[in-house]
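I went through it topic by topic and wrote down what I looked up.

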Amino acid sequence: MTAVLTVDGLHVDFQLPGAVVHAVRGVDLEVGPGEVLALVGESGSGKSVTAAGILGLLPRNARVTAGSIRFQGTELAGLGERQLNVFRGAGIGMIFQDPVTSLDPSFTIGSQLGDTARLHLRVPRNEALEVSRAWLDRVGIGDPDRVLRSYPHELSGGMRQRVMIALAGLSGPKLLIADEPTTALDATVQKQILDLLLGLAGEAGTAVLLITHDFGVVSHTSTRVAVMREGTIVEIGQTAQILGAPSHPYTRTLIDSVPEIGQRHLQDGQQRRLLGAPAATARVRLSERIEAPRPPADRPILELREVTKEFSIGGLGTGRHRSTVRAVSEVSLSVRRGEIFGLIGESGSGKSTLARLSGALLPLTAGSVTFDGADVGTAGKQGLRDLRRRFQYVFQDAATALNPRIRVGDQIARPLLRLGKATGRREAIELTHRALELVGLNAGYADRYPREFSGGQRQRVGIARAIALEPDLLILDEPTSALDVSTQAAIINLLLDLKDELDLTYLFIGHNLAIIDFVCDRIGVMRQGSLVETFPADELFSTDRQPATRALLDAVLPVRSRRREDLLAPSTIKD
Amino acid sequence: MTTTTAEVRTGAPPRLRRSAAARFVRNREALLGLVVLIVVIGISVLAPWLAPYDPNAGDPENVLAPVGSAGHLLGTDDQGRDVLSRLLHGGRGALVVSIVSVAVALLIGTVLGLYGAFAGRRTSGVLMRIIDLMFAFPVILVALSLAAVIHPGPWVLIGTVVFGAVPYVTRIVFAEARIEREKDYVEAARSLGASEATILRTEVLPNLLSSVVIYGTSLVGVNIVFTASLSALGLGIQPPSPDWGRMISEGAKVLVTGNPGVATFPAIAILLVALAFNWLGDGLRDVLNP
Amino acid sequence: MARRILWRLANLVPLLFGISLLVFFISKAGPADPVKNVLSEKMSPEQIEQIRQAYGLDQPAWKQYLLWLRDMFTNGGGISLSVRSPVSGIVFPAFLNTLILGAATTVVAVALGVLIGFVSGIRHGRLIDRAAMLLVQVGSNLPIYWFGLIVIWLTAVQWNWLPPGGMHDLRGDGGFGDLLLHLIAPAFAASLVSMLIIARFVRAAVIESAGSDYIRTYRSQGFGRAAILGKHIGRNILPPIVNTTGLTIGSVITGVVFVETIFSWPGLGSVLLNAIAGSDYPVIQSGILLVATTFVVVNLITDVLLDLLNPRLRHGGA
């Protein structure tokens, strides 16, 4: 059978001021008819550039320098825009990552779908509208007539991605390139969109090239997988085989870095760490710890009672009616000393707002927060200072959580002086250096600016800044969701190490159930501002979980579900 | 230096970044702009010693001497005054007025912009609405009103430039401060015990200063051109003081029939100084915002 | 939507009040008693007092403001101090002339600015873009007064294409074609600053739109360059064009005032400059109030246009 798409020795260079970056260096790919090939890799591996290169959609400063791209026997490399337009849409359709920006904000959905239908199907305007309506129906949109009249901003992210699928599918392409189609979406929507995409492709016999960073997506969707790293493909083969027994060490590291739902039980009895990253961190004490008699473990260190937060929007001058939005609604929960409490929810569920309310970074609308027995809301100046020292945050995106204009050493040292942790400049510097070493960074990095660090290193600095104060409670607000999987594994292991080392309590906020399940002792599920339920992590699979929790659990795309089955016949994998 | 020894001791990898000064020197436009400005400011300061004649001393015998005539390199104007001497003196008022008033505008604009970005929704809305109106307001009306209230002169120029530049600076500071305000480092600083005043002063302001400096530099250039036109119109620096703008309107009468240099040389000087400020601003952008 | 427009209209009231108050205080804050200018040494104190009363200058400030406001509406600004004729007769014809030149300037600025910005935006980084940007940089640093002189010199003296100034040909029929001919050069000179601002903004908007995800979507669907440029980029740069045009109204008015004296255009700018020289406050006040009100109205129109162009407000919102 002849391949729909054959990529041979593809090279793509980026021309940057003063440098040439070889983003793709010699990629070979083949996608057969009706096949789903996943192209997986970390950020910067060149996977999206490869996809864009196939359709000639590279940014202005990039170009294909060598290699061939054959689509159904026609060479696409080197074709001009006009010639490529013959194949775009009609032959090869493309779906992009961000459905929010990928539709023109100034035209209705009906106009955008209709234009595409008229271009590719050569039908008159009213017929194009019929085709658009039919396609909206096919992609599972319940009220196509309303959506046809809507502008993109009036639809949810999931709806917009359905529209994108309709837009790409409408012209009946032989090959569909989907570039991280579900990365910007919530987990529960992700599975629906992927199943929709695969279903439509299956019906029409369309081949799919799926670009992703998520091995769960790879496992769920693809028949074959290619693993990309630094512009080259390190391994390509049947998905089951590669996920079950990766032959390349890089692939193995990537797969081992992904926490698997239920994996915490497999490691019972030993320290819980992810295999993909080295666990060893420098064992340095920040300061001599007086082994004070620890308070009873069941006494909550943080207790929220009926916490509510409302934001007001609109009002005079905005042209909108004034209204209030309830971001957090009557949440009560307690975090015990020494545990890792996980808070999970989809975007907009109020989990980050709750985190900010707990540490008095936002004023409460109603309810109360107690930290170690003291009411946070009524704390005086000294009380608040004490709270700030003992109650610390690590934020999601260290790129913005660190001040770009201040040396990281100063960013760690200043709060030490401000909050009385260090009595003098010298002591503050000393503590800063130790904190940096504790998170696995060189103390010499103290005089550098945040932009001189990689993403993972920056998150380490963020953690160092928090732990240098030797807090009791650390709120980790999606501390790894901006990171690649291998970096994420290293940070998770570091956090687990530090917790043991420094006797910390964590409130870990996330949207990835597998990570929350792996890291946390107890889990709370948030949905639309309310806390649905809390339960010990071990009881995640219990039958009396709430529907919201079950929905999250069902949305998880396990990596190794196939792997375990395959492991039953190990002899077939060895080569 | 202690930092270098610490790096050697702990074996930190070498830093790859070039220093700001090195990047500035590599930027040819910025360097050119800086050199031009140093020369122009030097000439303006030293004009009394450099100029061959008294800029206001007319020579009735030698009216409208052409460019290159003996003793008058750039010729003379319709009153027989030496164009070169007037040119050397003519930048003083414009430079001082522009730099001083832009500095004042930067100060006011930064305070207003920061206040707008961190104040409550209502206050900020009203403030920025006013600023938007000021932004689009015809500054010439301000100049005319000021000239009506106080007599035409440098104070009219200063008032007009401040009025015109404040909304620019405020909008820029406001827009950038709004972006910075949403960044997690502000929240982080709050969680690390910093007061709101400390956050503004030590966390947010350092992130805005480079933009303020860059826009300030370009604004000086823009306003040198603008004040020259106001002076040409008779609202600014008054005769007989030598001034580039004034020279253009005086030279207008003799542009075609007499010495075209009277109006053209000051125009070129204004263009050059304004471009130099622009180049410097662009260069600073590359250096300060890597 | 309607609510928003009403809100914008309601905003006008305090704004116009503020402007009128400021304009009123121009005469109050002045260095000298405005009446002094029309007095002569020979007048007796009684005569002076009579004149002061006639102009209402013996009343408290707030009363003077109300009287002045009434004057503005009923008497068309009162009597000029220097010419001794009704202000409206001096100011209105000049204002109409300025309005004509201002409208022409706006048309030129938008047409040329959008053209320059669009062309260099779609040829971003190419030779024509770099040449255009150099032109913009040099142009926006030219003293407009000198630029006007050069335009006259080139169009009227060197090439002899256009009249050197004025509004009508004294020997001609004074028809519309004649007016247009006289408009070209001053409108072009006055538009310089606003034209280049518009060019810069449009270029940035085109570059941003061309690099956006939705344009990539349409390219991936095989839409031709013309369709993408005309429909999607064209539509998405409309709001910035309107917005920038609104923002440059101030520059247009400033440019017109500068240019009027150079081109001997019988407009409000020259009238105001003369009035300032003669401390003729009624004329200054009426003139400034007229221009400021025009500005406020134009500003309102651009705001409403922008609202209409924004699908978020037009559809569903509010």
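**Confidence**

I started with chain C of this predicted model: its mean pLDDT is 84, and 89% of its residues reach 70 or more. I then looked up where the confidence in chain C is lowest and where it is highest. The lowest value belongs to helix 15 of chain C, with a mean of 70, and the highest to helix 8 (residues 192–210) of chain C, at 94. For the model I noted an ipTM of 0.82 and a pTM of 0.85.

**Chain B**

I counted elements next. Chain B has 11 helices and 0 strands, and along the sequence I read the pattern α-α-α-α-α-α-α-α-α-α-α. Taken along the principal axes, the C-alpha atoms of chain B fill a box of roughly 80 × 55 × 25 Å. Of the 290 residues in chain B, 52% are buried. I also looked at contacts in chain B with a separation of 6 or more, and 71% of them come from residues 24 or more positions apart.

I checked the peptide bonds as well. The bond from B:Pro239 to B:Pro240 is cis, with omega near 10 degrees. I located B:Pro240 in the loop between helix 9 and helix 10 of chain B. For background, I wrote down that most peptide bonds are trans.

**Where chain B meets chain C**

How many residues of chain B are in contact with chain C? I have 35 residues of chain B in contact with 35 residues of chain C. On the chain B side, helix 5 (121–136), helix 6, helix 9, helix 10 (244–252) and helix 11 (261–288) each supply at least two residues. Helix 6 of chain B gives the largest share of that side, 8 residues. By class, I recorded 27 nonpolar, 8 polar and no charged residues on the side of chain B that touches chain C.

**Where chain C meets chain A**

I took this contact up next. It takes 24 residues from chain C and 25 residues from chain A. On the chain C side, helix 1 (2–28), helix 9 (213–220), helix 10 (225–236) and helix 15 (311–314) each supply at least two residues. The largest share of that side, 6 residues, comes from helix 9 of chain C. I recorded 6 nonpolar, 10 polar and 8 charged residues for the side of chain C that touches chain A.

**Helix 13 of chain C**

Why is helix 13 of chain C largely enclosed by the rest of the structure? I found that 7 of its 10 residues (268–277) are buried, so the helix is largely enclosed. The buried ones are C:Leu268, C:Gly269, C:Val271, C:Leu272, C:Leu273, C:Ala275 and C:Ile276. I then looked up what they pack against. In chain B the partners are helix 6 (139–149) and helix 9 (196–233), and in chain C they are helix 4 (87–122), helix 12 (249–262) and helix 14 (281–309). Helix 13 of chain C is followed by C:Ser279, which has a positive phi near 50 degrees.

**Positive phi in chain A**

A:Glu470 has a positive phi, near 50 degrees. This residue is found in the loop between helix 17 (455–467) and strand 17 (473–477) of chain A. I have A:Glu470 as partly exposed, because 19 other C-beta atoms lie within 10 Å and a buried residue needs 20 or more.

A:Asp503 also has a positive phi, near 60 degrees. I placed A:Asp503 in the loop between helix 18 (485–502) and strand 18 (505–510) of chain A. A:Asp503 has 13 C-beta neighbours inside 10 Å and so counts as partly exposed.

**A:Gly367**

With 18 C-beta neighbours inside 10 Å, A:Gly367 counts as partly exposed. Which residues does A:Gly367 touch, not counting those up to four places away in sequence? I listed A:Leu304, A:Arg305, A:Glu306, A:Val307, A:Thr308 and A:Glu330. I also noted A:Val331, which is 36 residues from A:Gly367 in sequence and 8.5 Å from A:Gly367 in space, C-alpha to C-alpha.

How values were computed:
Residues are numbered from 1 along each chain as its sequence is written. Chains are lettered from A and ligands numbered from 1 in the order in which they are written. This is a predicted model: local features need pLDDT of at least 70, side-chain atom pairs count only at pLDDT 80 or more; totals for chains, interfaces and linings use all residues. Two residues are in contact if their C-beta atoms, placed from the backbone, lie within 7 Å. Helices (H or I, at least four residues) and strands (E, at least two) are DSSP runs, numbered from the N terminus. Ala, Val, Leu, Ile, Met, Phe, Trp, Tyr, Cys and Pro count as nonpolar, Asp, Glu, Lys and Arg as charged, and the others, Gly among them, as polar. A residue is buried if 20 or more other C-beta atoms lie within 10 Å of its own, exposed if 12 or fewer, and partly exposed in between; C-beta atoms are placed from the backbone. pLDDT is the predictor's confidence in each residue, from 0 to 100.
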